[in-house]
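Q: Could we go through this structure together? I would like to begin with the charged side chains and then move on to confidence.

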Amino acid sequence: MPEHDDAERAFRRFFDEHHTALSRLAYLVTGEPQVADDLASDAFVEVWRHWERVQAADSPIAYARGIVTNLARQWIRRQTRERAGLLRLGLLRRERGGETDTPAVLDVRAALRRLPLRRRECVILRYCFDVPEKEVAAILGISVGAVKSHTSRGAAQLSEFLREMPLPAGGGHHG
């Protein structure tokens, strides 16, 4: 079964090269580190199940990114439904403390989570992973025009969210 061994070796190489980036993509979309690793692992199960098709694709990594974003979208929808049910039951009322010294990176993550999902996906793929618009369109199953629109609007919205965030205690940057 040398063909099977070759496929396994090729898949292992693909996994080693892309696992970290796909996990990071899942994290940026969901905002949940533990969930991100699970989603990346689930994506690789799907990649392996369709390995011949993945290898034959113009861009195997784009194929894998598409799987990750679909899994992340499904996870977010599930969480939203569950949270809505819990809110109706009054189980998620929490008082939030004033954490004023939050690092800027957390501000960006929080702002990203406020973006509508499709805009968040486009902004993350374009700006965090430097994926070309055409490839983002293929990954998300939308037109290049939609990618441009979502990315532009998402970036503008993200800037606005970041401007609205309070400066950390002790002052901010002087420029």
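Q: Which residue forms a salt bridge with Asp6?
A: Asp6 pairs with Arg9 in a salt bridge, and their closest N and O atoms are 2.6 Å apart. A salt bridge here is a side-chain nitrogen of Lys or Arg within 4 Å of a carboxyl oxygen of Asp or Glu.

Q: Where do Asp6 and Arg9 sit relative to each other?
A: Both belong to helix H1, three residues apart, so about one helical turn separates them. Helices are DSSP runs (H or I, at least four residues), numbered from the N terminus.

Q: What does the protein average in pLDDT?
A: The average is 82, and 78% of the residues score at least 70. pLDDT is the predictor's confidence in each residue, from 0 to 100.

Q: Where is the pLDDT below 50?
A: One such stretch is residues 89-102, which has 10 contacts in the model beyond near neighbours in sequence. Another is residues 170-175, with one contact beyond near neighbours. Contact means heavy atoms within 4.5 Å. Where pLDDT is low, the predicted coordinates should not be read in detail.

Q: And which element has the highest mean pLDDT?
A: That is helix H7 (residues 133-140), at 94, while helix H5 (residues 104-114) has the lowest, at 78.

Q: Which residue pairs with Glu135 in a salt bridge?
A: Arg65 does, with the closest N and O atoms 2.9 Å apart. Arg65 lies in helix H4 (residues 60-88) and Glu135 in helix H7, so this pair ties together parts that are 70 residues apart in sequence. Arg65 is buried, with a relative accessible area of 13%, and Glu135 is buried as well, at 18%.

Q: What about Glu121; which side chain does it meet?
A: The side chain of Glu121 meets that of Arg118 in a salt bridge (3.2 Å, N to O). The two are three residues apart in helix H6 (residues 117-128), which means that about one helical turn lies between them. Glu121 is buried, with a relative accessible area of 0%, whereas Arg118 is partly exposed at 24%. Salt bridges with shared partners join Arg73, Arg118 and Glu121 into one network.

Q: How many salt bridges are there by this rule?
A: The count comes to seven.

Q: Changing topic: what joins the side chains of Ser23 and Asp37?
A: A polar contact of 2.5 Å joins them. A polar contact is a pair of N or O atoms within 3.5 Å; within protein, one must be able to donate a hydrogen and the other to accept it, and residues adjacent in sequence count only if both atoms are side-chain atoms.

Q: Is Ser23 itself buried or exposed?
A: Ser23 is buried, with a relative accessible area of 8%. Ser23 is found in helix H1 (residues 2-30).

Conventions. Residues numbered from 1 in each chain as written. Predicted model: local features only at pLDDT ≥ 70, side-chain atom pairs only at ≥ 80, totals over all residues. Heavy atoms only, no water. Buried < 20%, exposed > 50% of the residue type's maximum accessible area, 1.4 Å probe, protein only.
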